[in-house]
Amino acid sequence: MWRVCCWVMWVAVACAGWGVGGLDWGGWAGAAATPAEAAHAGPPPFLLQLTLLLGVSALAAYLSFRLGLIPIIGFLLAGVLAGPGALGLIRDQELIAAASEVGVMLLLFTIGIEFSLERLQRIARLIFLGGGLQVGLTVTAVAGALVASGVGWQSAVFTGCLIALSSTAIVMRVLAERGQTGARTGQVALGILIFQDLAVVLMVLLIPMLAGQGGGVGGVALALAKAAGIIVFVLVAARRLVPPIMEVVARTCSNEIFLLTVVALCFGTASLTAAAGVSLALGAFLAGLLVSESRYGMQALGEILPLQILFSAAFFLSVGLQLDLGFLIRNLPTVLGVVLLMAVLKALVTGVSVRLLGERAAIALPVALLTAQVGEFSFVLAGSGQDLGLSFAGLGERGTQIFIAATVLLMGLTPAVAALAGPLATVSTRLPGARRREAAAVQTAASAPTEPETHSALPVAGRVIFAGYGPHARLAARALSRAGLPYSVITRSPDGASELTGRGAPVLIADYTRAGLLRELNLASARALVIADDDPEMTERAVSVARTVAPELDILTHAESPEALMQLQALGARHVLTPRREIAAGLLDLLTPEHITRAEIARHLAERPAVTLSAEQQAQCDHAHAHAGPITPEADACLECIASGDTWVHLRTCMTCGHVGCCDSSKNKHATRHAHSQSHPIIRSAEPGETWAYCYEHGWTK
């Protein structure tokens, strides 16, 4: 650790020297260079700035990890140190601002994916009543206090709007770090934050009116009508347009196409809503809702998460860049006083709002402390207001700097302030009458209808988890089911997912090479992981990621060659089966408990109901009458496809010997091959719910 600290200090000193010395990053590229000169002019300026951004972000995340802080706080501090008020490393504010805006969009997009329309309907009361109370009371309290102090009502209302908003990004990240996103505290906080994001729309329209512009009440009404129309269109598209599009894209099984489609949907929806006067962030949130209405939400979340992390780092760095350390030091008492006033005011107002909803003090207190800071959208409003002559508390340019400094400090202190909820709750319970009031609140909350908390998207604990659902996984999964062993499946195949859903088996459409997904599912609690992907590269990646997430988990997979076997074992696979012909049987041997023998499994597999032809079918031809049955199917899978590593579309049963083979829509047509080679003329559908039969010689079907 000491070496790391020394290295960091050396980098900081070197960077400080570059910043103080006035190193001209833009001069590296030259001006009006010829093509020959440009070829030797070095990297373009934006690339140097982007490299610094990524390097500072990575270093901040590492130091935050070593110090036990959430990365967001590290990004804020790194932005302060790298900004023009300190080391002066990052100077291209436009580049950082653009990257940060994308970060906010992607953050709200991922939040939208995690909350379906149905779930939002369940917390509508929290959104509109709780959020409405919090925003309305905050604006009223701030504006009233400032007007009483002699500040003009326009600047007073403007300041109230700035303070009313909280940081969705920070609050949701703190909740996620504590595993409370789906708890009641997370639900209430999210409801308030969503309303704040909705309120940004009205505030953006209100600010020009406060400055004497904006077209009056009629212009605001028209803009609101346009915004409402575009939101309704988005919600209708969530039900009608997006799910079919996602189905078509997912069936390509191409990560590239899927990712491009998801990003295009996010940016396209955000641009559409922005054109109607709604914020980009709210549009991105609605785009997330669109994706959540399809069955590919978890897969989309896994694909977009790395991009979201990258650009969110840019956003929080950009917030830190705006803080002038010199101004903060010169005005430290004033800034700290504003920080204290804003935090206390917001905590009190939010606490009262949550209590008015009927929530217990044990819920109201942590929600109040979590939201007792100022949000990212306030920076956008502050910039718009400053351009129109409005300022924080009517203090002009100095007020803007005080607001930025206080906001950055509040953001950085959010985890520490939120951690006070536990000690304060303990103290409050010792006050006279507190326990009696709390007991009454608990009884009231218990009798009221509540929204269910969120749970894992897939049952995992104690189960065998199949990553991929090819022919080997099909056979092993069905045998495990007959042996009474529970299993769940993660697959990227829409057809495989549909088959499992039809049988009532737990299935999740997602990319099982994403570490974040596997951690969220708590993969370590599974009985074993079977990686049954036919792509060797995907198999290696899945083994490596799974071993990182769950170091002690039994991982079973297969290999095509001795070299592949050694590579998979080196990556952490505990059991690697080869060749392909032995995989299905080997999986059963390894996964079934010791008290269940292979003979018992074979008996389970053999205990299938016999099938017959109906009297109407027997009357069709002599072959049908001679092969009416009953006959017992040899399997519930195409064993020849299993042996060769292929899959099938539908299954057919031979009414002469019980052979089960794949249909003519399948790649190998094993049912027809068997009928021709063995001169067995009659087959019957082996698909659930189908009773038709077919004669190869007479060509009849019924």
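**Chatting through a predicted model**

Author: In this predicted model, 69% of the protein chain's contacts with a separation of 6 or more are between residues 24 or more positions apart.

Reader: OK, and how many helices and strands are there in the chain?

Author: The protein chain has 33 helices and 10 strands.

Reader: What share of the residues is buried?

Author: Of the 702 residues in the chain, 50% are buried. The accessible surface is about 31,600 Å², and carbon and sulfur atoms hold 63% of that.

Reader: Let's zoom in. Where does Thr-350 sit?

Author: Thr-350 is in helix H17, which covers residues 332-356.

Reader: Is Thr-350 buried or exposed, and why?

Author: Buried, because its relative accessibility is 0%, and the cut-off for buried is under 20%.

Reader: Which residues does Thr-350 touch?

Author: Leaving out residues up to four places away in sequence, Thr-350 touches Gln-134, Ile-192, Val-367, Ala-368 and Thr-371.

Reader: Switching to H24, which of its residues are buried?

Author: Helix H24 runs over residues 494-503, and its buried residues are Pro-494, Gly-496, Ala-497 and Leu-500. Looking down the axis of H24, those fall within an arc of 160 degrees, so they line one face of the helix.

Reader: What follows H24?

Author: Gly-504 does, with a positive phi near 80 degrees.

Reader: And what about H19, which residues are buried there?

Author: In H19, residues 376-387, the buried ones are Glu-376, Phe-377, Ser-378, Phe-379, Leu-381, Ala-382 and Gly-385. Just after H19, Gly-389 has a positive phi of about 95 degrees.

Notes:
Residues are numbered from 1 along each chain as its sequence is written. This is a predicted model: local features need pLDDT of at least 70, side-chain atom pairs count only at pLDDT 80 or more; totals for chains, interfaces and linings use all residues. Side-chain values use heavy atoms; hydrogens and water are left out. Helices (H or I, at least four residues) and strands (E, at least two) are DSSP runs, numbered from the N terminus. Buried means under 20% relative accessible area, exposed over 50%, partly exposed in between (1.4 Å probe, protein chains only). Contact means heavy atoms within 4.5 Å. The arc is that of the directions from the helix axis to the C-beta atoms. Accessible areas come from the Shrake-Rupley method with a 1.4 Å probe; for residues, only the protein chains shown count as cover.
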